[in-house]
Amino acid sequence: RERRKENRMKEEQLISSYQAILLITVFRIVIAFSYLPAVNTPPGNQDIWISIILSIPWTIAISFPILYLSNKFSNLTLIEYTEKILGKAIGKIVGIAYAVFLLFYVITFVAILSEVLTSTIFPQTPSWILILILLITSSYISFKGLEGLGRGAEIFVPIIFLVILTFLIFGFNLFDFNELLPILKDSTFSQINIGARDIAFKFTDIIILAMFVPNLENRKELNKIFIRSLLISMLVLIIVVLCTQLSLGIEQTKHADFPFFTFSRLINLFDFIQRIESIYVMAWTVANVWKVSGYLYSLTINLKQTLNSKSNEVYIIPMSILIFILSTILKNNYSVVGVSQPLQFLLYFSSIAFMFAIPCITLIVYFFRRKKLRE
């Protein structure tokens with residue numbers, strides 16, 4: 001009885017709108033903070049910052065189906081209302097598909113984290129040790145539940161923002177603003193829009209937000225949470241892109257595996273502020289731990305609801321072991337950051353399917369069945 005009571009209390013954990021904004025924002029900026037894939041999207045030149053700005057309406061349009069349904073079914077997660085709308089059998093299949101999607105992303109995040117650490121500050125450390133430490137930490141945070149994620153975000157995410165601002169200020173003397181010129185001369189409107197669309201599909205965190213909706217203290221603020229986290233994360237992304245582009249040049253930025261880390265190593269202020277890239281690594285590692293923890297928690301909640309289990313805790317350790325094995329294999333056999341095919345292909349098209357295509361189909365079915373669902 002006490003165990004059931006404890007599980008029920010964990011399921012009823014609530015997070016504030018502020019905590020949700022911090023969580024979704026840090027989930028969004030981690031990839032940019034890591035290897036900055038936006039610079040390799042069209043137009044791939046000095047106008048990439050314009051594509052980032054134009055990606056905001058693209059992201060809103062792509063996320064609309066999930067946002068609409070999450071507002072209509074604010075007491076249910078993405079998995080629960082999908083099953084309610086599509087029916088139990090199809091809903092279970094879709095739930096398993098989303099679980100595989102989240103698992104795939106967690107494996108990729110962990111492999112990228114390991115690659116960055118082994119390539120920068122721990123070249124002699126076996127990658128499996130770093131992955132093991134990361135997953136032990138993320139599993140512990142996931143066991144603490146959503147409230148633990150939210151409270152930790154209140155502490156660590158502002159520090160991460162402060163680190164980025166510090167690098168912007170200390171690295172200002174490295175900036176060559178001629179790298180932004182000529183504006184729009186080498187890009188077409190079509191290229192900029194393609195880049196904006198590609199950037200928008202890289203932000204899969206609307207799925208995580210849809211898993212958190214029942215746990216929001218004020219569910220009516222869902223749209224506000226989404227918009228604010230989107231605007232803040234895009235502002236941070238623009239800052240990161242400009243810092244690297246203005247200091248390294250667009251071509252070196254495109255060919256560097258870890259552009260922002262490379263930029264941080266160039267900072268040398270008054271000959272006594274040097275080697276501050278270690279601060280970047282610490283902030284970046286914390287951001288990754290939080291993202292892996294959030295995705296792992298969402299994955300286990302998905303499995304709990306899809307398989308009708310009593311608690312998500314029973315899945316945390318098995319999923320962590322599976323992630324450990326697969327991410328170690330991936331890291332040891334591929335350069336995760338540098339590979340363009342087939343990993344980036346799978347990431348991109350799986351994002352299209354799970355962020356937009358499946359929610360669109362679910363939304364269409366909802367409009368046909370809404371009268372029956374209301375009854």
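The count of aromatic pairs comes to 25, where rings of Phe, Tyr and Trp (its six-membered ring) pair if their centres lie within 6.5 Å. Planes under 30 degrees apart count as stacked, over 60 as edge-to-face and the rest as tilted. One of these pairs joins Phe212 and Tyr297, is tilted, and has 6.4 Å centre to centre with 55° between the planes. Phe212 lies in helix α9 (residues 205–212) and Tyr297 in helix α13 (residues 277–306), so the pair ties together parts that are 85 residues apart in sequence. Helices (H or I, at least four residues) are DSSP runs, numbered from the N terminus. Phe212 is buried at 2% relative accessible area. Tyr297 is also buried, at 7%. Buried means under 20% relative accessible area, exposed over 50%, and partly exposed in between (1.4 Å probe, protein chains only).

The model is predicted: local features need pLDDT of at least 70, side-chain atom pairs count only at pLDDT 80 or more, and totals for chains, interfaces and linings use all residues. Residues are numbered from 1 along each chain as its sequence is written, and side-chain values use heavy atoms, with hydrogens and water left out.

A second pair involves helix α13. The ring centres of Phe261 and Tyr280 are 5.7 Å apart and the planes stand at 45°, so this pair is tilted. Phe261 belongs to helix α12 (residues 259–266) and Tyr280 to α13, so parts 19 residues apart in sequence are tied together. Both Phe261 and Tyr280 are buried. Elsewhere, one aromatic cluster is formed by Phe27, Tyr98, Phe101, Phe104, Tyr105, Phe109, Tyr295 and Phe354.

Asn312 sits in the loop between α13 and α14. Its relative accessibility is 11%, so Asn312 counts as buried. Beyond neighbours within four places in sequence, Asn312 is in contact (heavy atoms within 4.5 Å) with Tyr297, Thr300, Ile301 and Lys304.

Two packed helices are described by the angle between their axes and the distance between the axes. The axes of α6 (residues 127–144) and α14 (residues 313–333) come within 10 Å and cross at roughly 155°. Axes are lines fitted to C-alpha atoms, for helices over the stretch in contact, and angles run from 0 to 180 degrees between N-to-C directions. The two helices are therefore roughly antiparallel, a term for angles over 145 degrees. Residues of α6 in the contact include Trp128, Ile131 and Leu132, and those of α14 include Ile316, Ile317 and Phe324. The contact of α6 with α14 divides into nine nonpolar, seven polar and two charged residues. Ala, Val, Leu, Ile, Met, Phe, Trp, Tyr, Cys and Pro count as nonpolar, Asp, Glu, Lys and Arg as charged, and the others, Gly among them, as polar.

Key. Parallel < 35°, antiparallel > 145°, perpendicular 65-115°, else oblique.
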